[in-house]
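I opened my notebook to work through one protein model. I wanted to see how its parts hold on to each other.

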Amino acid sequence: MRHFLIAGNWKMNKTASEGVSLVESLLALASPSSSVEVVLAPPFTAIPAVAHVLSGQAGRFALAAQNVFWEERGAFTGEISPAMLADLGCRYVIVGHSERRHLLGETDDMVNKKVHALLRHGLRPILCVGETKAERQQGRTHAVVARHVTQGLDRVSAEQMKLVTLAYEPVWAIGTGDAATPDQAAEVHRHIRALVASHWSTSISTELRILYGGSVTAGNVAQYLASPEVNGALVGGACLDADGFAKIIRIADSII
Ligand code: PGA
């Protein structure tokens, strides 16, 4: 039986109290089966309040953070450590999101340090990879995605790979309404799986969950989930509306 992971990346939206209202509405509207894991990634400031609302929902809803720093503690003003996130009940952490790569200068080396810091604490990275429009037009999609995957996951062991989820998020599709076609998504997912098979093993690549992200809505999610290459979705804008996100969860449930 297939299992889907549906993740909602709130980005820099929602105060703690707004986040509580959103999650309360979502819980009233969506009750995923055990085959769909829903992951919510609020901003750091809303994580404790959302964790409180989600208590008792373990197994169906999990918490994620949107970023992490790689050091354990110390003089790193403004940064948040893996232990701090684990202590709040986070199970997943998004790393390498294109907004962090392109707006904040995050490099593959920084992403790799974050991945290792999370794995040391048993936290599950959701590693985002994907090309810009210019890179796609220049025929460099595979090369860019290969760099993000192999450098972002450098020195990650086969055992640790079991904790890793990848999200293919073409930069040109994020927040634009210009979603990748299901064929474009499946084609890059296959490329990622082949890479993972050659760097780790076929069994690791078969088990690896690869999400599609970029303008996913209730209107198009079914097309992505219909492909056996796609193991779920990373949803930005459409997760900020309880009705829309609940619909996405129900659709995932109906496809299982
Ligand atoms: P979007 O964002 O759904 O608003 O395109 C996706 C993401 O950035 O994770």
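These entries cover salt bridges, a helix, the nonpolar cores, the ligand and a leucine.

**Entry 1: salt bridges**

I noted at the start that this is a predicted model. I looked up the salt bridges and found a count of 14. Side chains of opposite charge can pair when their charged atoms come close.

I took R120 and E72 as one example. Their side chains form a salt bridge, at 3.6 Å from N to O. R120 belongs to helix α5, residues 108-120, while E72 sits in the loop between β3 (61-65) and α3 (82-87), so this pair ties together parts that are 48 residues apart in sequence. R120 is exposed, because its relative accessible area is 53%. E72 has 29% relative accessibility, so I wrote it down as partly exposed.

Next I checked R101 and D108. Their side chains meet in a salt bridge at 2.9 Å, N to O. Are these two residues buried or exposed? I found R101 buried, and D108 is buried too.

I then looked up K162 and E159. This salt bridge has an N to O distance of 3.2 Å. K162 is partly exposed, because its relative accessibility is 49%. E159 has a relative accessible area of 55%, so it is exposed. The cut-off for exposed is over 50%.

I also found a network: salt bridges link E37, R91 and R209.

**Entry 2: helix α5**

I went back to α5 and checked its length. The helix has 13 residues, so at 1.5 Å a residue it should span 18 Å; its end C-alpha atoms are 18 Å apart, which agrees.

Which residues of α5 are buried? I listed D108, V111, N112, K114, V115, H116, A117, L118 and L119. An α-helix has 3.6 residues a turn, so residues three or four places apart point the same way.

I then asked what the buried residues of α5 pack against. My list reads α3, β4 (90-95), α4 (98-103), β5 (124-129), α7 (141-152) and α8 (158-161). After α5 comes G122, and its phi is positive, near 75°.

**Entry 3: nonpolar cores**

I looked up the largest nonpolar core and found 67 residues in it. L153, I192 and F245 touch the most other members. Helix α12, residues 242-255, gives the most to this core, with six residues.

Leaving aside neighbours within four places in sequence, F245 is in contact with I6, A7, G8, L26, V38, L40, V235, A238 and C239. There is also a second, separate core of 13 residues, including V39, I94, L211 and L234.

**Entry 4: the ligand**

How many residues are around the ligand? I found 13, and K11, H97, E169, G175 and S215 come nearest.

The side chain of K11 has an N or O atom 2.7 Å from an oxygen atom of the ligand. A polar backbone atom of S215 is 2.7 Å from a ligand oxygen. For G237, a backbone N or O atom lies 2.8 Å from an oxygen atom of the ligand.

**Entry 5: L195**

I ended with L195, in helix α9, residues 182-199. L195 has a relative accessible area of 12%, so it is buried. Buried means under 20%.

What does L195 touch, leaving aside its neighbours within four places in sequence? I noted contacts with A146, V149 and T150. L195 and A146 are 49 residues apart in sequence, and their C-alpha atoms are 7.2 Å apart in space.

How values were computed:
Residues numbered from 1 in each chain as written. Predicted model: local features only at pLDDT ≥ 70, side-chain atom pairs only at ≥ 80, totals over all residues. Heavy atoms only, no water. Salt bridge = Lys/Arg side-chain N within 4 Å of Asp/Glu carboxyl O. Helix = DSSP H or I, 4+ residues; strand = E, 2+ residues; numbered from the N terminus. Buried < 20%, exposed > 50% of the residue type's maximum accessible area, 1.4 Å probe, protein only. Expected span 1.5 Å × (residues − 1). Contact = heavy atoms within 4.5 Å. Core = buried A, V, L, I, M, F, W, Y, C linked by side-chain atoms within 4.5 Å. Near = heavy atom within 4 Å. Polar contact = N/O pair within 3.5 Å; in protein donor to acceptor, adjacent residues only side chain to side chain.
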